[in-house]
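Here are a few friendly notes to read beside the model. Have it open as you go through the points.

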Amino acid sequence: MKGDVIYSELSKQKDPSTGVEVTRLSDNQNDTNHPYFTASQVDLDNTFVIVTSNRTGQEQFYTLAFADGKMVQLTDDVDVHSGCLDAANHILYYFAGHTLKSVRLDTLEDEALMDVPKSFIPASLTGTADGRYLAFTMVELAETDLCTARYEPEFSGGSKGFREKFFRWPSSVIIRYDTASHAGYPVTGELRRMTHVIIHPLDGDTVLFCHEGPWHLVQRMWIAKVATDEVYPLIETKRNLERAGHEFFTVDGRIGAQYSYRYRPDMDFLFHADVYVNPDGSDEQRYYYPYQRPVHVHALSEALAVGDTAQIRQDDPDYRRYIALVKYDSDGHRAIVGRLCAHDTSWHKESHPHPVFTPDGKHVLWGSDVGGRMNVYMAPADWGACLKSDR
């Protein structure tokens, strides 16, 4: 029930490659995971993370304390998903089915804020740092019945049914919700899948979103300006030759994303980089990897990132097992990879690590099913302990 308190026994071990201490924060009882890496999820004092767990039989949100594993159940709803933490005001925002809700962390008082039509799926909930605005997408529900979902993709770069979702062109609308006036506002929409909605942490007028689909077939990254109805692309890419995605905001409002390039459509992608740019498209900086880039990257600033694979040499067959720290060399336009520790996840869709920094930048968090269940792990962001790339 909401308000129930349990203690998850912490488990610590030294990584055999680097000696970094890795802490399993959850106790391998059912599945526990942290929100998507674009969502705010750790309190400003760096003491707990918001997680979901199905230990009651269905997903509910909890706080999970770093010091002692204390878990407090925050919700008691059906079909709980897409949460983000308003750390400034100690409020969790989330969806229960098609209803946007809030719950205060101190009193556990909850409130239903607005409903999404039953014919749409809400997702990608994020908020500004001051808690004034939220943003999310709602995508037409009809496209979820996929006739190709049982087949493995013939080519790399997508999950089952992914291309069919792309070509069905469902209706999507991006909503901004004003927590002060309790009003939702339709920002923009199209007849295509619009996901990965992230509102600027410092500017509630600026919303980042993507056209979902195979990255080499879409102009993925877009900005919408609420007040003026402007919608424009960022990091414009050539169809079939370039791809960019897994976009995120740094704490000061720079946009980071992952980029790859090839000379011909029948080639593998050869060059990989992390790209940072202002929301107006100015001051674009690229940092190139010596080998494959991580699958997901998160950064607080344009200095150090965390990723969920770490290729540090050409012959490195197990590089997908590891958490990476990535240091950016602005003079050489290089992304320097350091192998921090193993995560050893299975890479099933629900078990992607999605690593994030704590707000103070001292630790990284990720998810892994290495123990058979999904659990949340933490390690110090120790660049000095990393095994460094040979290039």
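**Notes on the strands, cysteines and surface**

1. Leu365 stands opposite Met378 in β30. The two strands here, β29 (residues 363-368) and β30 (residues 375-380), pair in the antiparallel sense over 6 bridges. Strands are DSSP runs (E, at least two residues), numbered from the N terminus, and two of them pair if DSSP finds at least two bridges between them.

2. Before going on, please note that this is a predicted model, in which local features need pLDDT of at least 70, side-chain atom pairs count only at pLDDT 80 or more, and totals for chains, interfaces and linings use all residues. Residues are numbered from 1 along each chain as its sequence is written, and side-chain values use heavy atoms, with hydrogens and water left out.

3. The open sheet has 5 strands in the order β2-β3-β30-β29-β28, with antiparallel pairing. Its edge strands, β2 (11-14) and β28 (356-357), each pair on one side only.

4. How many disulfides are there? The count is 0, taking a disulfide as a pair of cysteine sulfur atoms within 2.5 Å. Cys386 is in no disulfide either, the nearest cysteine sulfur being that of Cys341, 8.3 Å away.

5. Is Cys210 buried or exposed? Cys210 is buried, at a relative accessible area of 0%, and Cys386 is buried at 6%. Buried means under 20% relative accessible area, exposed over 50%, and partly exposed in between (1.4 Å probe, protein chains only).

6. Tyr288, found in strand β23 (residues 285-288), is partly exposed, with a relative accessible area of 34%.

Key:
Helix = DSSP H or I, 4+ residues; strand = E, 2+ residues; numbered from the N terminus.
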